[in-house]
Amino acid sequence: MSTNGKVAVVTGAGSGIGRAAALALLREGYAVVLAGRREEALKETASAGPAGARSLVVPTDVADPHAVKHLFSKTVATFGRLDVLFNNAGIGSPPVPLEDFSYEKWKQIVDINLTGAFLCLQAAYRVMKEQSPRGGRIINNGSISAHVPRLNSAPYTATKHAITGLTKSAALDGRKYDIAVGQIDIGNAETPMTAKMKDGVLQADGSLAVEPTMDLESVARGVVYMASLPLDANVLFMTVMATKMPYVGRG
(Lines give C-alpha, C1' and ligand atoms only; values in the text may rest on other atoms or scores of the structure.)
Protein backbone atom coordinates (compact mmCIF):
# COMPACT_ATOMS: atom_id res chain seq x y z
CA MET A 1 0.00 0.00 0.00
CA SER A 2 1.06 3.62 -0.37
CA THR A 3 2.64 5.36 2.61
CA ASN A 4 2.70 9.00 3.60
CA GLY A 5 6.11 8.76 5.28
CA LYS A 6 4.74 9.65 8.70
CA VAL A 7 4.99 7.72 11.95
CA ALA A 8 2.34 7.56 14.68
CA VAL A 9 2.24 6.02 18.15
CA VAL A 10 -1.18 4.97 19.46
CA THR A 11 -1.50 3.97 23.11
CA GLY A 12 -4.36 1.74 24.18
CA ALA A 13 -4.29 0.32 20.64
CA GLY A 14 -5.54 -3.13 21.58
CA SER A 15 -9.25 -2.34 21.61
CA GLY A 16 -11.97 0.27 21.30
CA ILE A 17 -11.08 3.80 20.31
CA GLY A 18 -7.35 3.08 20.18
CA ARG A 19 -7.78 0.16 17.79
CA ALA A 20 -10.16 2.10 15.53
CA ALA A 21 -7.81 5.10 15.40
CA ALA A 22 -4.75 2.91 14.75
CA LEU A 23 -6.46 1.12 11.86
CA ALA A 24 -7.62 4.43 10.38
CA LEU A 25 -4.08 5.81 10.53
CA LEU A 26 -2.72 2.63 8.91
CA ARG A 27 -5.24 3.02 6.08
CA GLU A 28 -4.00 6.59 5.59
CA GLY A 29 -0.45 5.34 5.08
CA TYR A 30 1.06 6.02 8.51
CA ALA A 31 3.52 3.64 10.07
CA VAL A 32 1.82 2.95 13.40
CA VAL A 33 3.37 1.80 16.65
CA LEU A 34 0.74 -0.10 18.64
CA ALA A 35 1.15 0.24 22.41
CA GLY A 36 -0.87 -1.29 25.22
CA ARG A 37 -0.70 -3.78 28.04
CA ARG A 38 -2.10 -6.82 26.19
CA GLU A 39 0.29 -8.10 23.52
CA GLU A 40 -2.21 -10.49 21.93
CA ALA A 41 -4.77 -7.72 21.52
CA LEU A 42 -2.14 -5.50 19.89
CA LYS A 43 -1.26 -8.29 17.48
CA GLU A 44 -4.94 -8.60 16.58
CA THR A 45 -5.01 -4.88 15.77
CA ALA A 46 -1.90 -5.25 13.61
CA SER A 47 -3.36 -8.21 11.73
CA ALA A 48 -6.57 -6.26 11.02
CA GLY A 49 -4.63 -3.55 9.19
CA PRO A 50 -4.48 -3.30 5.38
CA ALA A 51 -2.05 -5.46 3.43
CA GLY A 52 1.41 -3.89 3.30
CA ALA A 53 0.78 -1.57 6.25
CA ARG A 54 3.74 -0.84 8.50
CA SER A 55 3.00 -1.52 12.16
CA LEU A 56 5.04 -2.34 15.24
CA VAL A 57 3.68 -3.98 18.41
CA VAL A 58 5.28 -2.72 21.64
CA PRO A 59 3.61 -4.00 24.84
CA THR A 60 3.58 -1.04 27.22
CA ASP A 61 2.24 -0.09 30.63
CA VAL A 62 1.96 3.68 30.26
CA ALA A 63 2.11 4.12 34.05
CA ASP A 64 5.65 2.68 34.05
CA PRO A 65 8.30 5.30 33.14
CA HIS A 66 10.76 2.64 31.98
CA ALA A 67 8.17 1.03 29.71
CA VAL A 68 7.30 4.41 28.19
CA LYS A 69 10.97 5.20 27.58
CA HIS A 70 11.35 1.84 25.82
CA LEU A 71 8.26 2.50 23.68
CA PHE A 72 9.59 5.74 22.25
CA SER A 73 13.17 4.48 21.91
CA LYS A 74 11.86 1.49 19.96
CA THR A 75 9.76 3.78 17.76
CA VAL A 76 12.74 5.92 16.78
CA ALA A 77 15.05 2.92 16.37
CA THR A 78 12.55 1.29 14.00
CA PHE A 79 11.13 4.19 12.02
CA GLY A 80 13.60 7.04 12.57
CA ARG A 81 11.18 9.67 13.85
CA LEU A 82 7.76 10.40 15.39
CA ASP A 83 5.11 12.59 13.79
CA VAL A 84 1.94 11.84 15.78
CA LEU A 85 1.13 10.57 19.25
CA PHE A 86 -2.48 9.59 19.96
CA ASN A 87 -2.34 9.64 23.76
CA ASN A 88 -5.33 7.38 24.24
CA ALA A 89 -4.67 4.76 26.94
CA GLY A 90 -7.00 4.94 29.91
CA ILE A 91 -9.39 3.07 32.15
CA GLY A 92 -12.86 3.81 33.45
CA SER A 93 -14.00 4.26 37.00
CA PRO A 94 -16.39 1.84 38.73
CA PRO A 95 -19.65 3.55 39.81
CA VAL A 96 -18.77 3.68 43.50
CA PRO A 97 -19.97 6.49 45.79
CA LEU A 98 -17.19 9.00 46.37
CA GLU A 99 -17.02 8.33 50.10
CA ASP A 100 -16.50 4.59 49.51
CA PHE A 101 -13.86 4.80 46.80
CA SER A 102 -10.62 3.04 47.77
CA TYR A 103 -7.26 4.77 47.69
CA GLU A 104 -5.81 1.88 45.68
CA LYS A 105 -8.38 2.22 42.89
CA TRP A 106 -8.04 6.03 42.90
CA LYS A 107 -4.28 5.69 42.46
CA GLN A 108 -4.63 3.16 39.65
CA ILE A 109 -6.94 5.46 37.68
CA VAL A 110 -4.71 8.49 38.22
CA ASP A 111 -1.56 6.52 37.38
CA ILE A 112 -2.92 5.33 34.03
CA ASN A 113 -5.20 8.15 32.91
CA LEU A 114 -3.11 11.13 34.01
CA THR A 115 0.45 10.11 34.88
CA GLY A 116 0.56 7.73 31.93
CA ALA A 117 -0.65 10.46 29.56
CA PHE A 118 1.97 12.85 30.94
CA LEU A 119 4.79 10.32 30.59
CA CYS A 120 3.90 9.58 26.97
CA LEU A 121 3.50 13.26 26.13
CA GLN A 122 6.84 14.06 27.73
CA ALA A 123 8.62 11.27 25.87
CA ALA A 124 7.06 12.37 22.58
CA TYR A 125 8.18 15.96 23.26
CA ARG A 126 11.76 14.82 23.75
CA VAL A 127 11.75 13.06 20.39
CA MET A 128 9.90 15.75 18.44
CA LYS A 129 12.02 18.71 19.59
CA GLU A 130 15.29 17.01 18.59
CA GLN A 131 14.37 15.34 15.29
CA SER A 132 14.76 16.81 11.83
CA PRO A 133 12.44 18.05 10.48
CA ARG A 134 11.56 19.25 13.97
CA GLY A 135 8.12 19.04 15.57
CA GLY A 136 5.07 16.83 15.51
CA ARG A 137 1.54 16.49 16.81
CA ILE A 138 0.13 15.10 20.06
CA ILE A 139 -3.58 14.30 20.37
CA ASN A 140 -4.79 13.66 23.91
CA ASN A 141 -7.94 11.62 24.47
CA GLY A 142 -10.09 13.66 26.82
CA SER A 143 -13.77 12.86 27.25
CA ILE A 144 -17.16 14.46 27.68
CA SER A 145 -16.15 13.90 31.32
CA ALA A 146 -13.51 16.58 30.80
CA HIS A 147 -16.51 18.96 30.77
CA VAL A 148 -19.27 17.39 32.86
CA PRO A 149 -19.28 14.40 35.25
CA ARG A 150 -21.52 11.42 35.67
CA LEU A 151 -22.74 10.36 39.10
CA ASN A 152 -20.16 8.42 41.14
CA SER A 153 -17.28 9.14 38.75
CA ALA A 154 -15.02 11.51 40.70
CA PRO A 155 -11.68 9.74 40.03
CA TYR A 156 -12.25 9.36 36.27
CA THR A 157 -13.70 12.86 35.93
CA ALA A 158 -10.81 14.37 37.88
CA THR A 159 -8.26 12.78 35.54
CA LYS A 160 -10.11 13.93 32.44
CA HIS A 161 -10.36 17.50 33.69
CA ALA A 162 -6.63 17.31 34.36
CA ILE A 163 -6.01 16.15 30.79
CA THR A 164 -7.56 19.41 29.60
CA GLY A 165 -5.04 21.36 31.67
CA LEU A 166 -2.23 19.19 30.36
CA THR A 167 -3.35 19.80 26.78
CA LYS A 168 -3.44 23.58 27.19
CA SER A 169 -0.10 23.74 28.97
CA ALA A 170 1.62 21.41 26.51
CA ALA A 171 0.17 23.28 23.53
CA LEU A 172 1.69 26.50 24.88
CA ASP A 173 5.05 24.94 25.73
CA GLY A 174 5.22 23.18 22.37
CA ARG A 175 5.05 26.29 20.21
CA LYS A 176 8.77 26.93 20.25
CA TYR A 177 9.45 23.35 19.11
CA ASP A 178 6.75 23.21 16.39
CA ILE A 179 4.82 20.70 18.47
CA ALA A 180 1.05 21.02 18.10
CA VAL A 181 -1.03 19.60 20.95
CA GLY A 182 -4.79 19.09 20.84
CA GLN A 183 -7.52 17.08 22.53
CA ILE A 184 -10.43 15.01 21.29
CA ASP A 185 -13.34 14.73 23.73
CA ILE A 186 -15.45 11.69 22.96
CA GLY A 187 -18.97 10.94 24.12
CA ASN A 188 -20.69 7.54 23.92
CA ALA A 189 -18.61 5.87 21.24
CA GLU A 190 -19.69 2.25 20.91
CA THR A 191 -16.99 0.26 22.70
CA PRO A 192 -16.96 -2.52 25.30
CA MET A 193 -16.79 0.25 27.92
CA THR A 194 -20.12 1.73 26.76
CA ALA A 195 -21.96 -1.57 26.13
CA LYS A 196 -23.85 -1.13 29.41
CA MET A 197 -25.53 2.00 28.02
CA LYS A 198 -27.95 -0.24 26.12
CA ASP A 199 -29.25 -1.48 29.48
CA GLY A 200 -29.53 1.97 31.03
CA VAL A 201 -27.09 4.44 32.56
CA LEU A 202 -27.44 6.28 35.86
CA GLN A 203 -28.54 9.87 35.24
CA ALA A 204 -27.98 12.99 37.32
CA ASP A 205 -31.44 12.68 38.93
CA GLY A 206 -30.78 9.08 39.96
CA SER A 207 -32.90 7.50 37.25
CA LEU A 208 -31.73 4.95 34.68
CA ALA A 209 -31.95 5.74 30.98
CA VAL A 210 -30.75 4.11 27.79
CA GLU A 211 -28.29 6.41 26.01
CA PRO A 212 -27.52 6.58 22.28
CA THR A 213 -24.07 5.60 21.08
CA MET A 214 -22.16 6.28 17.85
CA ASP A 215 -19.94 4.25 15.57
CA LEU A 216 -16.23 4.20 16.39
CA GLU A 217 -15.36 5.19 12.83
CA SER A 218 -16.69 8.68 13.50
CA VAL A 219 -14.07 9.06 16.22
CA ALA A 220 -11.32 7.51 14.09
CA ARG A 221 -12.01 9.98 11.28
CA GLY A 222 -11.71 12.83 13.76
CA VAL A 223 -8.31 11.59 14.93
CA VAL A 224 -7.11 11.24 11.32
CA TYR A 225 -8.27 14.78 10.53
CA MET A 226 -6.44 16.24 13.51
CA ALA A 227 -3.32 14.23 12.65
CA SER A 228 -3.36 15.30 9.00
CA LEU A 229 -3.17 19.05 9.56
CA PRO A 230 0.07 20.90 8.78
CA LEU A 231 1.93 22.00 11.90
CA ASP A 232 0.97 25.63 11.41
CA ALA A 233 -2.65 24.64 12.18
CA ASN A 234 -4.09 22.91 15.23
CA VAL A 235 -7.43 21.62 16.48
CA LEU A 236 -7.01 22.52 20.13
CA PHE A 237 -10.28 20.82 21.16
CA MET A 238 -12.69 18.63 19.21
CA THR A 239 -15.86 17.11 20.64
CA VAL A 240 -17.23 14.02 18.89
CA MET A 241 -20.36 12.65 20.50
CA ALA A 242 -23.51 10.68 19.85
CA THR A 243 -25.92 13.30 18.54
CA LYS A 244 -28.72 12.52 20.99
CA MET A 245 -26.71 11.72 24.11
CA PRO A 246 -27.46 13.79 27.22
CA TYR A 247 -24.89 16.56 27.37
CA VAL A 248 -26.13 19.89 26.02
CA GLY A 249 -29.32 21.43 27.35
CA ARG A 250 -28.78 20.01 30.86
CA GLY A 251 -29.68 16.49 29.80
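Predicted model: local features only at pLDDT ≥ 70, side-chain atom pairs only at ≥ 80, totals over all residues.
Helix H6 covers residues 216-228. At 1.5 Å a residue, its 13 residues should span 18 Å, and the end C-alpha atoms are 19 Å apart, which agrees. At the N-terminal end, H6 is capped by aspartate 215, with a side-chain oxygen 2.7 Å from the backbone nitrogen of glutamate 217. The buried residues of H6 are Leu216, Val219, Ala220, Gly222, Val223, Val224, Met226 and Ala227. Their cover includes helix H1 (16-27) and the strands S4 (84-87), S5 (136-141), S6 (179-187) and S9 (237-241).

Two packed helices are described by the angle between their axes and the distance between the axes. The axes of H1 and H6 come within 8 Å and cross at roughly 55 degrees; the two helices are therefore oblique to each other. Their crossing is right-handed. On the H1 side, the residues that meet H6 are Gly16, Ile17, Ala20, Ala21, Ala24, Leu25 and Arg27. On the H6 side, the partners are Leu216, Glu217, Val219, Ala220, Val223, Val224 and Ala227.

Strand S4 also holds asparagine 87. Asparagine 87 counts as buried because its relative accessible area is 5%, and buried means under 20%. Beyond its neighbours within four places in sequence, asparagine 87 contacts Thr11, Gly116, Ala117, Cys120, Leu121, Ile139, Asn140 and Asn141.

Methionine 128 sits in helix H4 (residues 103-130) and is buried, with a relative accessible area of 0%. Not counting residues up to four places away in sequence, methionine 128 touches Leu82, Asp83, Val84, Leu85, Arg134, Gly135, Gly136, Arg137, Ile138 and Ile179. Aspartate 178 is 50 residues from methionine 128 in sequence, yet their C-alpha atoms are 8.4 Å apart.

The remaining items concern the backbone. Most residues other than glycine have a negative phi, and most peptide bonds are trans. The peptide bond from serine 132 to proline 133 is cis, with omega near -5 degrees, and proline 133 lies in the loop between H4 and S5. Two asparagines have a positive phi, as tabulated here.

Note on methods
Residues numbered from 1 in each chain as written. Heavy atoms only, no water. Helix = DSSP H or I, 4+ residues; strand = E, 2+ residues; numbered from the N terminus. Buried < 20%, exposed > 50% of the residue type's maximum accessible area, 1.4 Å probe, protein only. Contact = heavy atoms within 4.5 Å. Expected span 1.5 Å × (residues − 1). Polar contact = N/O pair within 3.5 Å; in protein donor to acceptor, adjacent residues only side chain to side chain. Axes fitted to C-alpha atoms, helices over the stretch in contact; angles between N-to-C directions. Parallel < 35°, antiparallel > 145°, perpendicular 65-115°, else oblique. Left-handed = near helix turned anticlockwise from the far one by under 90°.
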